[in-house]
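Biologist: I am new to this structure, so please take me through one part of it with care.

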Amino acid sequence: MINQSPLTILDVSHNYEGIKVTLESIKKMTTGKLNLIYGTSSDKDISKIFSLFDDQNEYYFTEFNNLRSAKVDDLEVEAKKNNLKGKYFHNINSALKSAQKSVNKEDTILIFG
């Protein structure tokens with residue numbers, strides 16, 4: 001936890017099983033809207049992972065400065081396949097700033113991937 005209001009959590013889950021457990025746990029312990037900042041490596045099963053994402057959440061998809069990073073264009077394609085609306089960023093700092101501007105104090109920001 002890096003902030004209490006809004007609750008902001010960093011998590012290292014990066015594969016299907018880990019992300020599934022993380023999302024189940026977060027939903028049990030929070031009450032406001034869930035805002036997910038997600039970036040991943042291109043070698044992950046993005047299609048399977050995106051099947052875990054609920055269309056009621058807010059999404060901030062991002063990439064990181066590494067050759068292994070999945071690009072936001074690829075994340076956008078997968079998000080559309082899963083009817084997820086999101087915003088897309090080329091770096092995590094921009095994604096976090098956008099989420100912080102959009103949330104209420106009772107909401108949660110989860111940064112993972």
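Biologist: Which exposed residues does the face of α4 turned away from its buried side carry?

Modeller: This is a predicted model, in which local features need pLDDT of at least 70, side-chain atom pairs count only at pLDDT 80 or more, and totals for chains, interfaces and linings use all residues. Residues are numbered from 1 along each chain as its sequence is written, and side-chain values use heavy atoms, leaving out hydrogens and water. Helices (H or I, at least four residues) and strands (E, at least two) are DSSP runs, numbered from the N terminus, and exposed means over 50% relative accessible area, buried under 20%, and partly exposed in between, with a 1.4 Å probe and protein chains only. On that face of α4, the exposed residues are Asn-93, Lys-97 and Lys-101.

Biologist: Why are the buried residues of α4 placed on the same side?

Modeller: In helix α4 (residues 92-102), the buried residues are Ala-95, Leu-96, Ser-98 and Ala-99. They lie on the same side of α4 because the arc they cover around the axis, taken from the directions from the helix axis to the C-beta atoms, is only 165 degrees.

Biologist: Which strands are included in what covers the buried residues of α4?

Modeller: Contact here means heavy atoms within 4.5 Å. The cover of these buried residues includes β3, β4 (58-62), β5 (86-89) and β6 (108-112).

Biologist: Which residue caps the N-terminal end of α4?

Modeller: A polar contact is a pair of N or O atoms within 3.5 Å; within protein, one must be able to donate a hydrogen and the other to accept it, and residues adjacent in sequence count only if both atoms are side-chain atoms. Here a side-chain oxygen lies 3.1 Å from the backbone nitrogen of Asn-93, and the capping residue is Asn-91.
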